[in-house]
Amino acid sequence: MIDSAHTRAAISDLLQATSCGQRELRLLKSLGFSDVKRAWTDIASLRETIGPADPTGHLLPTFLSELVQGFDAEVSLNAVERLAASLETPERII
């Protein structure tokens with residue numbers, strides 16, 4: 001199991017990043033993602049669709065922290081990203 005303090009710090013850094021460099025790829029790898037480029041794409045998409053619908057800024061970091069602790073974070077992240085992308089308004093997901 002990934003240390004929760006590390007998870008929170010890594011996700012915070014990823015959500016603040018404006019581009020995907022080697023540091024971000026290492027953070028994603030440390031969170032257990034094997035397809036780090038796909039994970040970056042999914043997180044960036046969620047940040048764009050869910051981020052504006054979350055005025056406190058706590059939903060996405062909390063959600064992602066829980067997601068990476070789950071059984072298969074890659075499959076879960078991809079499924080949630082596809083769900084969010086399919087909604088007319090991101091507010092419907094929260």
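How are α1 and α3 oriented to each other? I started the notebook with that one.

**Ground rules.** I'm working on a predicted model, where local features need pLDDT of at least 70, side-chain atom pairs count only at pLDDT 80 or more, and totals for chains, interfaces and linings use all residues. I number residues from 1 along each chain as its sequence is written, and side-chain values use heavy atoms, with hydrogens and water left out.

**α1 against α3.** I looked up helix α1 (residues 4-16) and helix α3 (residues 36-49); they pack at an angle of about 70°, with axes 10 Å apart. Helices here are DSSP runs (H or I, at least four residues), numbered from the N terminus. The axes are lines fitted to C-alpha atoms over the stretch in contact, and the angle runs from 0 to 180 degrees between N-to-C directions. So α1 and α3 are roughly perpendicular to each other, a label that covers 65 to 115 degrees.

Next I checked who touches whom, with contact meaning heavy atoms within 4.5 Å. From α1 I get Leu 14, Leu 15 and Gln 16, meeting Trp 40, Ile 43 and Arg 47 of α3. By class, that contact has 4 nonpolar, 1 polar and 1 charged residues. For the classes, Ala, Val, Leu, Ile, Met, Phe, Trp, Tyr, Cys and Pro are nonpolar, Asp, Glu, Lys and Arg are charged, and the others, Gly among them, are polar.

**α3 by itself.** I count 14 residues in α3, reaching 20 Å from first C-alpha to last, close to the 20 Å expected at 1.5 Å a residue. The expected span is 1.5 Å times one less than the number of residues.

**Ser 65.** I found this one in α4, and it counts as buried because its relative accessibility is 11%. A polar atom of the Ser 65 side chain lies 2.9 Å from the backbone oxygen of Pro 61. Leaving aside neighbours within four places in sequence, Ser 65 is in contact with Thr 7, Arg 8 and Ile 11.

Methods
Helices (H or I, at least four residues) and strands (E, at least two) are DSSP runs, numbered from the N terminus. Angles under 35 degrees count as roughly parallel, over 145 as roughly antiparallel, 65 to 115 as roughly perpendicular and the rest as oblique. Buried means under 20% relative accessible area, exposed over 50%, partly exposed in between (1.4 Å probe, protein chains only). A polar contact is a pair of N or O atoms within 3.5 Å; within protein, one must be able to donate a hydrogen and the other to accept it, and residues adjacent in sequence count only if both atoms are side-chain atoms.
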